[in-house]
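User: I am new to reading structures like this one. Could you walk me through it, one feature at a time?
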Amino acid sequence: MISPTRIRKEKAFKFIATVATWTSVLILIVLLTHILSEGWRWLDWQFMDSFPSRFPEKAGLKAGIFGSIWLMALTASISIPIGVFAGLFLEEYGIKGIIGKIIEVNMANLAGVPSIVYGLLGLTVFVRYFGFDRSLLSGALTLSLLIMPVIVVATRESIRAVPNSIRFGAYAMGARKHHVVFGQVLPVALPGIMTGVILALSRAIGETAPLIIVGAVSYISFIPEGIMDEFTVMPLQIYNWAGRPQADFHQLAAAGIIVLVSVMLVMNFVAVLIRHKMQKRYRF
């Protein structure tokens, strides 16, 4: 029988959680309303197709958009294969026991390290030690380190959720270990893995601090043509505009936030869509 004290505590926790949730929603609505009212009138083709300028009416987000596309493509190419296969190895082939627990705890801790720490690491290792300078490659490698623990943790949790009956059934049919892992377990875990990957990339596309440390430039009037070129990204341009004293630049920052939030919402929608379709394909 549940004691009255426990019931009262559960009701109090539910009330606090409800109040906190609705407070967060209201704050978010107020912020989005303010941003939309400030930046909506600046959203046009000229804003999307123009480079930064010291004149607000001529300034645009083109360099940031193409820089973000380049950076996300490189980051995904580096972090997804390494993160997914590292999670797969740790869960299916990795060391068990105390050492395995230590690795798991450290991986979870790395996922919670502040992003600026990864920026300092990228500055020391990629920019200075390897001599990649303030290039797209340095930024992509830094962001890959930032989101790779998230991908590893998501991969491990998704693989762990696969029922053992799938593994035992494959073994009963005479399949070998690698056939079971890559032919049965990985396809079933793929919806959760892809969701974690896209959510990790959504975090990366909104990062500013590590890229400032690595040396991303806030003012660029060209589109990067290679991985060793200098670059800027949408969050950095928004940060630059928000720091200007003119009100018009603050409105430009609001317009940039609208574009950035729209991109993140699309990425999250794609994650949900991929998960839904793959769950229908691999029902268990």
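User: Is Glu207 buried or exposed?

Analyst: Let me begin with where the numbers come from. This is a predicted model, in which local features need pLDDT of at least 70 and side-chain atom pairs count only at pLDDT 80 or more, while totals for chains, interfaces and linings use all residues. Residues are numbered from 1 along each chain as its sequence is written, and side-chain values use heavy atoms, with hydrogens and water left out. Now the idea: buried means under 20% relative accessible area, exposed means over 50%, and partly exposed is in between (1.4 Å probe, protein chains only). Glu207 has a relative accessible area of 11%, so Glu207 is buried.

User: Which residue forms a salt bridge with Glu207?

Analyst: A salt bridge is a side-chain nitrogen of Lys or Arg within 4 Å of a carboxyl oxygen of Asp or Glu. Here the partner is Arg203, with the closest N and O atoms 3.4 Å apart. Arg203 is partly exposed, because its relative accessibility is 29%.

User: How many salt bridges are there by this rule?

Analyst: The count comes to eight. One of them joins the side chains of Glu91 and Arg160, at 3.0 Å from N to O. Since Glu91 lies in helix H3 (residues 62-92) and Arg160 in helix H6, this pair ties together parts that are 69 residues apart in sequence. A word on the labels: helices (H or I, at least four residues) and strands (E, at least two) are DSSP runs, numbered from the N terminus. Glu91 counts as buried at 14% relative accessibility, whereas Arg160 is partly exposed at 36%.

User: Where do Glu92 and Arg167 lie?

Analyst: Those two residues also meet in a salt bridge, with their closest N and O atoms 2.9 Å apart. Glu92 lies in helix H3 and Arg167 in helix H7 (residues 164-172), so the pair ties together parts that are 75 residues apart in sequence. Both Glu92 and Arg167 are buried.

User: Which residues are linked in a network of salt bridges?

Analyst: Glu91 and Arg160 come back here, joined in the network by Arg156 and Glu157.

User: Let us turn to rings. How many aromatic pairs are there by the rule?

Analyst: Rings of Phe, Tyr and Trp (its six-membered ring) pair if their centres lie within 6.5 Å; planes under 30 degrees apart count as stacked, over 60 as edge-to-face and the rest as tilted. By this rule there are six aromatic pairs. Among them is the stacked pair of Phe89 and Tyr93, at 6.3 Å centre to centre with 15 degrees between the planes. Phe89 is partly exposed at 47% relative accessible area, and Tyr93 is partly exposed at 34%. Phe130 and Phe132 form a stacked pair too, with 5.8 Å between centres and 15 degrees between planes. Phe130 and Phe132, together with Phe126 and Tyr129, form one aromatic cluster.

User: What lies over the face of Tyr93?

Analyst: A charge sits over a ring if NZ of Lys or CZ of Arg is within 6 Å of the ring centre and within 35 degrees of the ring normal. For Tyr93 the residue is Lys177, at 5.4 Å from the ring centre. In another case, the charged end of Arg244 sits over the ring of Phe249, 4.6 Å from its centre.

User: How do I check the length of helix H5?

Analyst: The expected span of a helix is 1.5 Å times one less than its number of residues. Helix H5 (residues 115-129) has 15 residues and should therefore span 21 Å; its end C-alpha atoms are 20 Å apart, which agrees.

User: Where is the kink in H5 centred?

Analyst: The bend at a residue is the angle between axes fitted to the seven residues ending there and the seven starting there. In H5 a kink of about 35 degrees is centred on Gly122. Gly122 is also among the buried residues of this helix, which include Tyr118 and Phe126. After H5 comes Gly131, whose phi is positive, near 75 degrees.

User: Which residues is Ser144 in contact with?

Analyst: Contact means heavy atoms within 4.5 Å. Ser144 lies in helix H6 and is buried, at 1% relative accessible area. Apart from neighbours within four places in sequence, Ser144 is in contact with Thr75, Ile78 and Ser79.
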